[in-house]
Amino acid sequence: MINEKLIWLRKNLFSTWYNSLLTVACLLLLFWVARGIITWVTTQAQWSVIEVNLRLFLVGRFPQTLYWRVWTVLAIAAIVSAITGGVFFHKQQLTKRGIIIYIFIVGVLLFILPVDLISRLQLLLIGVLIFAGFGVGRNFAEVLTPWLSLLWLLSFPVIFWLIGGGFGLQSVPTNLWNGLLLTLLMAAVSIVLSFPIGVLLALGRTSDLPVVRWFSILYIEIVRGVPLVGILFLAQVMLPLFLPTDVRLDRVLRGIAGLVLFSAAYMAENVRGGLQSIPRGQIEAAKALGLNTILVVLLIILPQALRAVIPAIVGQFISLFKDTSLLSLVGLLELTGMARSILAQPEFLDRYAEVYLFIGLIYWVFCYSMSLASRRLEKQLNQ
């Protein structure tokens, strides 16, 4: 094994004298850059801005006496996600290496996060629930598969009830929904709503009915020709003008509307690419067997089309998650907006690098998790 690696290094990095010089120069450059970064991170950076404002980054101005609701929401989302992951990847073997890596990640988070003992215990409990939920999903995959959609649909109203209050709980106005909490909520709701709308628009664009087809084409092309910032400003300013005077949409709802309208147009084009990859013969064969158009679409066309464009769909979800950062331009204090407000504090006026590196790490963790889940799902479906 070692000899093979040495042969590969000699063949690819030290094959000639100038390749050897380039390799050494690149290694020296990487060492110099890495040393500078490590030195800045360990000795020069002032990470107190993160430690002091961690709660603002995560939940913003959400009432501290109601943090138990946020922990409950986190537990529900973690359990449902873990069960879903267990169901989708139940055919893959759970190795000791994977368990050790998971335990190591949880331990590192418990060690480095600047939170109190109670919060550490709650994080540990959620980590145990995630592991247990994944095990339940793996062991009862065949039983749980038909109920996954219902499980997610039921979890959303419970989550919004816990966060917003009402029906026996103290109400929390949406102007107190800030930070990562607002980012995740708006991204999740926008993804859930934009996906079916995008599928309908894609089907409409390939429809034989001229009215439906041209309406879908006009919507898709007009929205794709307008930047997201413009859509968000239109949703905040113009949307209330089309509603009765006694109806006032919340700013969060208007932000979600802008994200959904924008993302649905791009989702439609991704799905349309999958629809065009289905051979015409399959549709004709299904109709020859007596299936009507709705059954042909639901049972034959859509499953194959969506599976073919999983990378593009997940890429759109990732893009939508990152696009929530633009909501700070219309006055919503999501993660990026909260970072800007923290940088306005007099004691942290020049801590741009620390703050934006921290929120960049958060965005990367969630985006990479979606990308990893997409690759695993695609591999599972191909098997």
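**Side chains and rings in questions and answers**

Student: Is arginine 205 buried or exposed?
Tutor: The model is predicted, so local features need pLDDT of at least 70 and side-chain atom pairs count only at pLDDT 80 or more, while totals for chains, interfaces and linings use all residues. Residues are numbered from 1 along each chain as its sequence is written, and side-chain values use heavy atoms, with hydrogens and water left out. Buried means under 20% relative accessible area, exposed over 50%, and partly exposed in between, with a 1.4 Å probe and protein chains only. Because the relative accessible area of arginine 205 is 17%, this residue is buried.

Student: With which side chain does the side chain of arginine 205 make a polar contact?
Tutor: A polar contact is a pair of N or O atoms within 3.5 Å; within protein, one must be able to donate a hydrogen and the other to accept it, and residues adjacent in sequence count only if both atoms are side-chain atoms. The polar contact of the arginine 205 side chain, at 2.9 Å, is with the side chain of glutamate 269.

Student: How many aromatic pairs does the structure hold?
Tutor: Rings of Phe, Tyr and Trp (its six-membered ring) pair if their centres lie within 6.5 Å, and planes under 30 degrees apart count as stacked, over 60 as edge-to-face and the rest as tilted. Counted in this way, the number of aromatic pairs in the structure is 10.

Student: Which kind of pair do phenylalanine 195 and phenylalanine 317 form?
Tutor: This pair links distant parts of the chain, with phenylalanine 195 in helix H10 and phenylalanine 317 in helix H16 (residues 310–323), 122 residues apart. Phenylalanine 195, at 26% relative accessibility, counts as partly exposed, whereas phenylalanine 317, with a relative accessible area of 16%, is buried. The ring centres are 6.3 Å apart and the planes are at 65 degrees, so the pair is edge-to-face.

Definitions and conventions:
Helices (H or I, at least four residues) and strands (E, at least two) are DSSP runs, numbered from the N terminus.
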